[in-house]
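Colleague: Please take a close look at one single part of this model. I would like to know how that part sits in the chain, and on what grounds.

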Amino acid sequence: MDSDETLARVTYLPGVTPPSEAHGPTREASATRARGSAHDAEEHRAQNVSMRALTRRGMSRWEMRELLRSRELNDEVVEVELDRLERVGLIDDAALAETIVRTQRERKGLGRTALESELR
């Protein structure tokens, strides 16, 4: 490379601070990032708990809420996870009820009253 040639200008991706402008994180930025990462970790934990539970059997929204709360997850995180599960179709109370009625009627021959009790 000749001494006349210069390197191309570096373009940084959004969110990346060029080394010449980096002065280290402020306390506020560090605290905000720590809170965000703790919240993200709790959301990730809620997803793990819910997915493991759903691999064993279908669950209603109420059952999943109780399970996630029993793991001492934040109520806001629990509701976000429940909404996500419904949005992607992994929790559907109506479909679960139909499945329970059909299987209990076929396997055990349960009547209307017993099925209502089972669904409660």
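Modeller: First the setting: among contacts in the chain (heavy atoms within 4.5 Å) between residues at least 6 apart in sequence, 45% join residues at least 24 apart. The model is predicted, so local features need pLDDT of at least 70 and side-chain atom pairs count only at pLDDT 80 or more, whereas totals for chains, interfaces and linings use all residues. Residues are numbered from 1 along each chain as its sequence is written, and side-chain values use heavy atoms, with hydrogens and water left out.

The chain has five helices and zero strands, as DSSP runs numbered from the N terminus (helices H or I, at least four residues; strands E, at least two). Along the sequence this gives the pattern α-α-α-α-α. Of the 120 residues in the chain, 19% are buried, that is, under 20% relative accessible area with a 1.4 Å probe and protein chains only.

An α-helix has 3.6 residues a turn, so residues three or four places apart point the same way. After α2 comes Glu72, with a positive phi near 60°.

Note on methods. Buried < 20%, exposed > 50% of the residue type's maximum accessible area, 1.4 Å probe, protein only.
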